[in-house]
Amino acid sequence: MRGPLPALSDWDDFVSDRYQPGKEKEEFRVYDNAPPVVREFYRLNHTHQTRDFALAKRQEYGTLDRRQMGIWEAMEYLNTLVDDSDPDTDLSQIEHNLQTAEAIRRDGHPRWFQLVGLIHDLGKVLCLYGEPQWAVVGDTFPVGCAWSDKIVYPDFFRENPDSKIPKLQTKYGVYEPGCGLENVDLSWGHDEYMYMICRDYLPEEALYMIRYHSCYPIHREGAYDYLLTDRNREMLEWVKKFNPYDLYSKGDEKVDVAKARPYYEDLIKEFFPEKVRF
Ligand code: FE
Ligand code: FE
């Protein structure tokens with residue numbers, strides 16, 4: 001038997017531990033003392049996130065015909081996600097979203113940037129559709145070419161069926177050098193799902209932040225640079241700019257949800273229609 005499922009917020013905590021500000025680059029790689037549930041999570045993730053799986057999920061959810069919700073409504077829906085495994089979760093999903101947005105707002109960043117803070121994790125509603133956590137959260141990585149050893153727990157890829165397909169195990173795999181990140185398939189999770197939902201509504205910088213915020217091997221470790229274009233490199237700067245707000249706003253003062261709501265309802269209205277397809 002495996003232990004209890006870790007709480008969703010544990011993934012973010014795990015990442016922020018890995019990337020504490022001021023830590024030396026080499027220390028970043030020290031994650032072997034992570035809780036066993038985190039190791040087990042990545043064992044499952046790396047075993048089952050094949051290229052076929054990622055492509056099939058993108059097809060399945062890309063139709064955006066599951067529900068129609070307002071953005072705030074989606075936040076409340078996501079908030080119904082309860083972690084039995086984490087009795088003392090101090091931060092609900094809504095609070096994490098608001099803390100991220102408020103930190104961005106405090107620093108005087110543009111409105112669309114604040115909005116990204118608010119909505120970047122809404123794709124986690126995948127959990128409410130019954131997707132296992134390993135198909136929703138955790139670091140993402142390219143599928144369809146050799147795995148970088150800069151991906152967290154690279155040894156767990158041993159059991160991934162793609163490891164037996166030689167074509168998928170070369171440096172470029174199914175891709176061309178410099179083909180562009182937008183043409184690279186990533187492991188499936190909440191980033192890509194939310195990107196599909198927002199694609200028609202937000203500026204390119206915002207879409208990068210949403211689509212790639214969990215892709216630590218690329219935006220943090222600099223892996224797979226040979227698949228990127230100059231445009232990608234330029235835009236990834238925005239992902240890096242967003243990252244500290246996501247990781248480190250949790251220690252901030254709790255946000256009064258009711259008080260903050262009118263401001264963010266206005267912000268949502270500026271970019272999104274009343275109902276959005278999920
Ligand atoms: Fe996230
Ligand atoms: Fe987040």
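Two residues are in contact if their C-beta atoms, placed from the backbone, lie within 7 Å of each other. Please keep that definition in mind as I present this structure, which is a predicted model: local features need pLDDT of at least 70, side-chain atom pairs count only at pLDDT 80 or more, and totals for chains, interfaces and linings use all residues. Residues are numbered from 1 along each chain as its sequence is written, while chains are lettered from A and ligands numbered from 1 in the order in which they are written.

I begin with the overall picture. The protein has 12 helices and two strands; helices (H or I, at least four residues) and strands (E, at least two) are DSSP runs, numbered from the N terminus. In order from that terminus, the elements read α-α-α-α-β-α-α-α-α-α-α-α-α-β. Of the 278 residues, 41% are buried. A residue is called buried if 20 or more other C-beta atoms lie within 10 Å of its own, exposed if 12 or fewer do, and partly exposed in between, with the C-beta atoms placed from the backbone. Among contacts with a separation of 6 or more, 79% join residues 24 or more positions apart.

Let us turn to a pair of helices. Two packed helices are described by the angle between their axes and the distance between the axes. Helix H5 (residues 71–79) packs against helix H6 (residues 93–106) at about 135 degrees, and their axes are 8 Å apart. H5 is therefore oblique to H6. Here, axes are lines fitted to C-alpha atoms, for helices over the stretch in contact, and angles run from 0 to 180 degrees between N-to-C directions. Angles under 35 degrees count as roughly parallel, over 145 as roughly antiparallel, 65 to 115 as roughly perpendicular, and the rest as oblique. Which residues of H5 and H6 meet? Met75, Leu78 and Asn79 in H5 meet Gln93, Ile94 and Asn97 in H6.

Next comes helix H8 (190–198). Eight of its nine residues are buried, so H8 is largely enclosed by the rest of the structure. Those buried residues are His190, Asp191, Glu192, Tyr193, Met194, Tyr195, Ile197 and Cys198. Their cover includes helix H4 (51–62), H9 and strand E2 (276–277).

In the loop between H7 and H8 we find Phe141. Is Phe141 buried or exposed? Phe141 counts as buried, because it has 27 C-beta neighbours inside 10 Å. Although Phe141 and Ser187 are 46 residues apart in sequence, their C-alpha atoms are 5.6 Å apart in space. Leaving aside residues up to four places away in sequence, Phe141 touches Trp147, Ile151, Leu186, Ser187, Cys215 and Pro217.

I close with two backbone angles. Most residues other than glycine have a negative phi. Leu64, which is not a glycine, has a positive phi of about 50 degrees. Leu64 sits in the loop between H4 and strand E1 (68–69), and it counts as partly exposed because it has 14 C-beta neighbours inside 10 Å. Tyr153 also has a positive phi, near 50 degrees. The loop between H7 and H8 holds Tyr153, and this residue is partly exposed, with 18 other C-beta atoms within 10 Å.
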